[in-house]
Amino acid sequence: MPGKNSAPFPAFLTALSIVVAIFLIAFAVGKYPVSPADLLRSVFARLTGRDAGLPEAVEIVIWNIRLPRVTAGILVGAALAAAGAAYQNMFRNPLVSPDILGVSAGAGFGATLGIFFGFSLTAIQVIAFVCGLLAVGVVYAISGLVRRHDPVLVLVLAGIAVGTLLNAGVSLFKILSDPHSQQLSNIVFWLLGSLNGIDTRDLASAAPLVLIGLAPMILLRWRVNLLSLPDEEAAALGVEVARLRLVLIVAATLITAAVVSIAGIVGWVGLVVPHAARFLVGPNFSRLLPASLLLGAGFVVATDTLARTLVVIELPLGIVTAMIGAPFFLYLLARTGKTE
Amino acid sequence: MNVIETRDLSIGYGRKVVTRSLAFDVKAGEVLCLLGPNGCGKTTLFKTLLGLLPPLSGEVRVLGETIAGWSRLAFAQRVAYMPQAHPGVFPFTVNEIVLMGRTAHIGRFATPSGHDRKIAADCLEMLGISHLGECSYTAISGGERQLALIARALAQQATVLVMDEPTASLDFGNQIRILGHIDRLRHQGITILMSTHQPEHALRVADRIALLAPGSITGIGAPQDVATPDKLADLYGVTEDEIAAYLPAGGLKHDHCSH
């Protein structure tokens with residue numbers, strides 16, 4: 001892949017302008033379309049503190065409906081992509097996603113429990129968040145008990161086992177749920193992910209957690225690269241491998257659990273986006289992280305816009321990210337196979 | 001002064017003991033070459049000396065400190081390791097791979113500076129692979145990867161260099177060049193512990209040679225005393241005649257006559 005690593009900046013600028021265009025389109029389209037002119041006028045009016053002279057409905061759509069939704073898309077996409085990039089690096093595998101250690105399975109199980117027992121939305125989010133963290137904690141603890149194996153392999157296998165167990169639990173509660181109420185469809189809808197219904201309060205609770213998780217990734221951006229070497233090599237180069245990996249697992253898990261608890265399980269973002277970002281700017285985490293944040297935000301805002309405009313009813317976001325993400329992933333896979 | 005000291009050292013993985021009761025030293029400023037058949041535990045020994053694998057019993061001291069007493073960062077500033085080359089997973093450029101050798105010298109939260117890039121570029125230049133700098137590490141040949149890993153170890157600017165078969169997959173010219181570099185590093189006062197499968201390489205650069213047979217060290221000392229046809233025949237399970245027939249005239253001839 002010549003030229004890609006030597007000239008990441010123009011590629012980054014191109015991606016940036018595409019993502020900004022996606023944000024503008026996301027503001028404009030929907031059940032109540034807003035013209036770009038109205039959008040600009042309203043934004044300009046807010047910035048200067050003057051009256052835009054637009055109908056109140058347009059103002060409400062822009063600031064109370066579209067803005068939280070686009071912000072949610074940015075937060076969820078950027079967070080999942082960053083977590084995915086970190087996980088792929090530390091597991092030395094470009095095919096892992098943030099779900100690898102069971103955070104989504106844990107959160108899904110927690111949310112299913114919450115919905116089954118008829119808890120409030122806030123309680124469901126809290127349980128999902130806690131169960132996501134717990135699942136990864138259990139996986140990490142198991143990997144600590146198993147010695148004399150490659151620690152990365154043990155983590156992945158423990159993650160698969162715990163994830164399978166939790167998904168079995170989810171299936172059990174689906175079967176047990178009341179078919180005459182909304183329970184089952186609520187569970188299914190939650191498991192497929194959606195930005196529908198995320199309000200400013202949800203954003204205010206998830207965003208700080210995402211920022212806390214991103215901080216160590218940004219600070220340790222150079223050392224994250226060394227985790228993609230075999231453990232012994234990274235150690236010989238001066239890295240406390242187990243400690244650094246634990247810090248990143250905690251950070252990536254916090255980020256993922258925070259957004260999964262408000263948006264449900266939005267698949268494929270954490271797998272596809274870092275892959276595309278690596279294709280664009282190379283594997284160096286100092287560039288991979290910002291590129292993943294940017295492309296992740298663009299990808300989820302774009303897919304969410306499709307999810308709410310493609311057909312009459314709103315599609316679950318997870319279905320759209322999979323429909324677009326999977327073929328795109330195969331395309332990237334075929335291309336990297338050729339150039340390497 | 002001894003850079004590395006081992007006392008009654010047993011090495012291996014878990015319950016599987018590879019070698020027992022090792023007791024040898026690496027002296028400051030010397031090149032110590034390890035010879036031994038496949039699977040005798042050369043890499044296992046290196047990993048134990050580098051603190052990457054816990055000793056099963058006994059003691060390892062590096063620069064006067066027990067191996068467990070070192071932090072990874074402080075150790076990496078003093079001891080560099082050139083492992084056997086692996087293909088790598090992500091397409092880092094060769095420049096980035098060599099820059100990773102600077103990690104022990106840059107702040108925990110920092111990225112490599114211009115100074116670090118200069119050192120990395122100098123190391124590539126010294127090994128004659130500057131043209132590979134922007135190539136993807138996953139796309140170059142095995143021998144080129146090995147040169148990149150040597151450059152990375154040099155970029156670490158350590159006083160002790162542990163090299164696992166530095167000449168293994170290199171072409172004839174690069175073998176000669178790398179042996180020349182090892183010689184030059186020795187003159188700069190760098191201590192080098194290396195393994196090789198070619199006794200003639202050991203004879204070319206080593207101050208001392210150690211023979212590692214499965215289970216124990218069977219000889220350690222000056223090259224002319226240790227790398228003799230009878231001892232090599234014993235070590236590798238071949239006859240002296242086979243060695244004499246294989247090695248070109250002049251290889252071990254002088255030593256052969258003295259026995």
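User: How are residues and chains labelled, and what is the pLDDT limit for local features?

Analyst: Residues are numbered from 1 along each chain as its sequence is written, while chains are lettered from A and ligands numbered from 1 in the order in which they are written. In this predicted model side-chain atom pairs count only at pLDDT 80 or more, totals for chains, interfaces and linings use all residues, and local features need pLDDT of at least 70.

User: Which helix of chain B gives the most residues to the side that touches chain A?

Analyst: Contact is taken here to be two residues whose C-beta atoms, placed from the backbone, lie within 7 Å, and in that sense 30 residues of chain B are in contact with 30 residues of chain A. By class, this side of chain B has 18 nonpolar, 8 polar and 4 charged residues, where Ala, Val, Leu, Ile, Met, Phe, Trp, Tyr, Cys and Pro count as nonpolar, Asp, Glu, Lys and Arg as charged, and the others, Gly among them, as polar. Helices (H or I, at least four residues) and strands (E, at least two) are DSSP runs, numbered from the N terminus. The element that gives the most, with 3 residues, is helix H2 (residues 72–78) of chain B.

User: Leaving aside neighbours within four places in sequence, which residues is Ile255(A) in contact with?

Analyst: Ile255(A) is itself one of the residues with the most contacts inside the largest nonpolar core. With neighbours within four places in sequence left aside, its contacts are Ala79(A), Ala82(A), Ala83(A), Val210(A), Gly213(A) and Leu214(A).

User: How far apart are the C-alpha centres of the two domains of chain B?

Analyst: An automatic or database domain assignment provides the bounds, and it divides chain B into domain 1 (2–227) and domain 2 (228–259). Across the boundary, 12 residues of domain 1 are in contact with 8 residues of domain 2, and the domain 1 side has 7 nonpolar, 4 polar and 1 charged residues. The C-alpha centres of the two domains of chain B are separated by 27 Å.

User: Why do strands E7 and E11 of chain B each have one side without a neighbour in the sheet?

Analyst: Two strands pair if DSSP finds at least two bridges between them, and 6 strands of chain B form an open sheet with mixed pairing, in the order E7-E8-E9-E4-E10-E11. Strand E7 (79–82) and E11 of chain B each have one side without a neighbour because each has a single partner strand, which places them at the edges.

User: In which sense do strands E4 and E9 of chain B pair?

Analyst: Cys33(B) stands opposite Met194(B) in E9(B). Strand E4 (residues 31–35) and strand E9 (residues 191–196) of chain B are joined over 5 bridges, and the sense of their pairing is parallel.

User: Which residue takes a positive phi in the hairpin of E1(B) and E2(B)?

Analyst: E1(B) and E2(B) pair in the antiparallel sense over 4 bridges, and the bridge partner of Tyr13(B) in E2(B) is Lys16(B). The hairpin has 2 residues between the strands, and the residue there with a positive phi, near 60°, is Gly14(B).

User: What phi does Arg92(A) have?

Analyst: Arg92(A) lies in the loop between H3 and helix H4 (103–116) of chain A, and with 16 other C-beta atoms within 10 Å it is partly exposed. Although Arg92(A) is not a glycine, its phi is positive, at about 50°.

Technical notes
Core = buried A, V, L, I, M, F, W, Y, C linked by C-beta atoms within 7 Å. Buried ≥ 20, exposed ≤ 12 C-beta atoms within 10 Å, placed from the backbone.
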